[in-house]
Amino acid sequence: MKETVDFFERPGAAQLPIVTGPQWTGVRYFCTTRMGGAGSEPYDSLNLGLRAGDRPEVVAENRRRLRAVLPADPLWLRQVHGNRVIDADGPVEEEPAADASVTAALNRPLAIMVADCLPVLIVETRGRAVGAAHAGWRGLAGGVLENTLNALRAKCPDAAGWHAWIGPGIGPGAFEVGQDVFDAFAGDGPGTADRFSPVAGRPGKWLADLPGLAAARLRRAGVDTVHCSGHCTVSDPGRFFSYRRDGQTGRMALLAWLCRD
């Protein structure tokens with residue numbers, strides 16, 4: 001079941017169309033859409049990516065609009081499809097090369113940019129630590145989610161449990177892959193092959209269920225509750241940017257921070 005697009009509001013700021021998931025103790029989180037920004041085609045309208053080819057001044061305006069609904073400046077990463085995790089509570093360089101970050105501090109927004117790859121939130125069930133990860137197939141196969149959970153466990157060794165939310169990303173009907181992707185997940189254990197459907201008439205090609213692969217890895221790593229948004233970025237051009245669909249396009253962002261309920 002797909003989650004609906006909602007609006008995030010903050011006093012004195014404009015409404016921002018967003019997708020979010022279950023309300024969990026001590027955390028606020030949402031993924032932006034392509035709506036509510038200042039950009040023009042093909043970046044219309046809320047492109048948040050500085051390296052997507054858009055005009056820098058337009059991206060700055062879109063980030064300004066986003067900042068107006070956040071409690072502080074977000075930690076932006078220079079994502080490289082790897083598995084490095086940044087501790088946002090220590091000294092951090094500007095836009096570090098990494099694909100995930102964690103924090104145990106209140107009102108410290110974490111940011112992950114996406115346009116088909118999965119934005120993934122992991123939070124301790126009592127809201128004492130939160131992480132955000134960028135999970136394309138390379139990062140997912142390379143352990144970015146497991147590394148994020150390990151970094152969170154180091155911050156919260158007496159954790160009561162863990163929740164995860166997988167936001168909008170490329171859906172299982174749109175993600176055609178080759179042998180390299182199939183092989184990358186071949187060692188994931190029983191049930192993994194069920195996440196790949198052969199493409200008729202195209203030997204060596206599969207449709208891969210990336211959210212399903214991510215959910216399985218999260219559960220194996222010890223996450224108690226995994227919730228998927230159900231949104232496919234490729235099949236919904238009115239709401240979401242998609243690199244696979246459009247090539248030249250903008251970026252959405254997952255934002256997450258700890259708060260007092």
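**Entry 1: helix α3 and its strands**

Helix α3 lies across β4, β5, β7 (118-124), β8 (130-135) and β9 (162-166). Contact here means heavy atoms within 4.5 Å. Helix α3 runs at about 170 degrees to β8. For such angles, axes are lines fitted to C-alpha atoms, for helices over the stretch in contact, and angles run from 0 to 180 degrees between N-to-C directions. Helices (H or I, at least four residues) and strands (E, at least two) are DSSP runs, numbered from the N terminus.

I noted the source of all this. This is a predicted model, where local features need pLDDT of at least 70, side-chain atom pairs count only at pLDDT 80 or more, and totals for chains, interfaces and linings use all residues. Residues are numbered from 1 along each chain as its sequence is written, and side-chain values use heavy atoms, with hydrogens and water left out.

Next I checked the length of α3. Its 12 residues (144-155) should span 16 Å at 1.5 Å a residue. The expected span is 1.5 Å times one less than the number of residues. The end C-alpha atoms of α3 are 17 Å apart, which agrees.

Which residues of α3 are buried? I found Val144, Leu145, Thr148, Leu149 and Leu152. Buried means under 20% relative accessible area, exposed over 50%, partly exposed in between (1.4 Å probe, protein chains only). I recalled the rule: an α-helix has 3.6 residues a turn, so residues three or four places apart point the same way.

**Entry 2: the sheet of 6 strands**

I traced an open sheet of 6 strands in the order β4-β5-β8-β7-β9-β13. The pairing is mixed. Two strands pair if DSSP finds at least two bridges between them. β4 (85-87) and β13 (225-228) stand at the edges, each with a single partner strand, so one side of each has no neighbour in the sheet. From one strand to the next, the twist averages 15 degrees.

I then followed one pair. β4 and β5 (100-103) pair in the parallel sense over 3 bridges. Aspartate 87 stands opposite valine 102 in β5.

**Entry 3: strand β6**

Is β6 covered or exposed? I found that 5 of the 5 residues of β6 (110-114) are buried. Leu110, Ile112 and Val114 point one way, Ala111 and Met113 the other. β6 pairs with β14 (252-258) in the antiparallel sense, over 5 bridges. Isoleucine 112 has leucine 254 as its bridge partner in β14.

**Entry 4: cysteines**

How many disulfides does the structure hold? I counted 0. A disulfide is a pair of cysteine sulfur atoms within 2.5 Å. The sulfur of cysteine 228 is 13 Å from the closest cysteine sulfur, in cysteine 232, too far for a bond. Cysteine 228 is partly exposed at 32% relative accessibility. Cysteine 232 is buried, at 14%.

**Entry 5: threonine 192**

I ended in a loop. Threonine 192 lies between α4 (179-184) and β11 (196-198). Threonine 192 is buried, with a relative accessible area of 8%. Threonine 192 touches Phe185 and Leu213, not counting residues up to four places away in sequence.
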